[in-house]
Amino acid sequence: MKAVFFDLDGTLLFVEIYAFMQEYTRKVTKKFSAKGYDPQVFTKKFWDASIALMQCDGSKLCSETFWDTWCQLFEKTDYTEDEKIFEDFYNNEWKELRELFIKYNPDAVRAVEICRKKGLKVVLATNPVFPPLATDQRMSWTGLAPEMFDYVTYYDNSHYTKSDTNYYLELCEKLDLKPEDVLMVGNDTRDDMNCIDVGLHGFLLTNEYCYDRGNIDIEKIPHGDFKQLLKYLENL
C-alpha cells in the first residue's frame with residue numbers, strides 16, 4: 001500500500017450529513033434572501049445547481065459546472081457578487097452548523113498520523129462539492145488541517161464527484177498512484193466503496209453514520225468501527 005484516501009463527512013468528521021445539508025440549505029437561503037432573493041425560488045435553483053455539480057462528467061471542473069449552471073438558472077453573466085455572499089457565509093454562519101451537528105472525533109488526527117508515520121501518501125478524498133474555504137473549515141472541526149494531507153479534493157480541483165468512479169482514477173493519476181496501491185476509507189457503500197470497482201482497496205467504517213445502500217456485500221470487504229480502523233491502519 002502506498003496511499004490512504006480518507007472520506008471526511010461521517011468518517012473523520014462525525015456528522016449526520018443529510019441533516020447537516022438540510023440546515024445548510026436553510027441557512028444559505030436565509031443569507032441570500034437578505035440580499036433580495038425570493039426564498040422558494042432561490043432554494044430550488046440552488047439545489048438544481050448543486051445537482052448539476054454532483055453530476056460532473058469530467059468536461060470541466062466541478063466549480064465551473066456549478067457556477068455555469070448557477071448563471072443559467074439565475075439568468076446572470078457574472079457570479080462574482082454571489083460568490084462573495086457564499087464566502088461571507090462560510091466565514092460566519094458556517095460555524096453555527098458545527099455547533100448543531102458535529103461530534104468531535106478524537107481519533108481523526110491519530111488515523112492520519114498513523115498513515116503519515118508509515119510514509120504513506122494521505123489524501124482527504126471528500127466529495128468535492130465545496131470550495132477550499134468551506135472544506136478547510138470542516139476539517140478543522142475535528143482537529144485536521146490541509147497541511148496534514150498530501151492532497152485535498154475541492155470543487156475547484158476536481159472534474160468528478162464521488163458517485164463517479166472516475167473521481168478515484170483522476171486522483172490516482174494526479175498523485176502518480178496505481179489504484180491497487182491505494183486504500184479508501186469511508187462510511188458510504190456507494191460513494192466510497194465504489195472505488196473497489198476501479199481497483200482500489202476499501203475499508204468501510206460501520207459506525208452510526210454508515211450508509212449501506214445495499215450495493216455491496218459488506219462481509220466481503222474490510223470493515224469495522226473506528227477502533228478497528230485504527231488497528232487496520234497500524235497493520236498496513
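Which strands do the buried residues of H8 pack against? The legends below take up this point and others in a predicted model.

**View 1. Helix H8 and the strands against which its buried residues pack.** In helix H8, which covers residues 166-174, the residues Tyr167, Tyr168, Glu170, Leu171 and Cys172 are buried. Just after H8 the chain reaches aspartate 176, whose phi is positive, at about 55°.

**View 2. The crossing of helix H3 with helix H4.** Helix H3 (residues 62-73) and helix H4 (residues 80-91) have axes that come within 11 Å and that cross at roughly 120°, an angle which makes H3 oblique to H4. In handedness, the crossing of H3 and H4 is right-handed. From H3 the contact draws on Phe66, Trp67 and Trp70, while from H4 it draws on Asp82, Glu83 and Phe86. Sorted by class, the residues in the contact of H3 with H4 comprise 4 that are nonpolar and 2 that are charged, with no polar residue taking part.

**View 3. The packing of helix H1 with helix H5.** Helix H1, made up of residues 17-33, packs with helix H5, made up of residues 94-101, at an angle of about 145°, and the axes of the two helices lie 10 Å apart. The crossing of H1 and H5 is right-handed. On the H1 side the contact is made by Ala19, Phe20, Glu23, Tyr24 and Lys27, and on the H5 side by Trp94, Glu96, Leu97, Leu100 and Phe101. The residues of the contact between H1 and H5 divide into 7 nonpolar and 3 charged, and there are no polar ones.

**View 4. The whole protein, as a setting for the close-up views.** The protein contains 9 helices and 6 strands. Its radius of gyration is 18 Å, close to the 18 Å that the globule rule gives for 236 residues, so the protein is as compact as a globular protein of that length. The C-alpha trace spans about 55 × 35 × 35 Å along the principal axes of the protein. Of the 236 residues, 53% count as buried. When contacts between residues at least 6 apart in sequence are considered, 69% of them join residues at least 24 apart.

How values were computed
Residues numbered from 1 in each chain as written. Predicted model: local features only at pLDDT ≥ 70, side-chain atom pairs only at ≥ 80, totals over all residues. Heavy atoms only, no water. Axes fitted to C-alpha atoms, helices over the stretch in contact; angles between N-to-C directions. Helix = DSSP H or I, 4+ residues; strand = E, 2+ residues; numbered from the N terminus. Parallel < 35°, antiparallel > 145°, perpendicular 65-115°, else oblique. Left-handed = near helix turned anticlockwise from the far one by under 90°. Contact = heavy atoms within 4.5 Å. Nonpolar A, V, L, I, M, F, W, Y, C, P; charged D, E, K, R; others polar. Rg over C-alpha atoms; globule rule 2.2 N^0.38 Å. Buried < 20%, exposed > 50% of the residue type's maximum accessible area, 1.4 Å probe, protein only.
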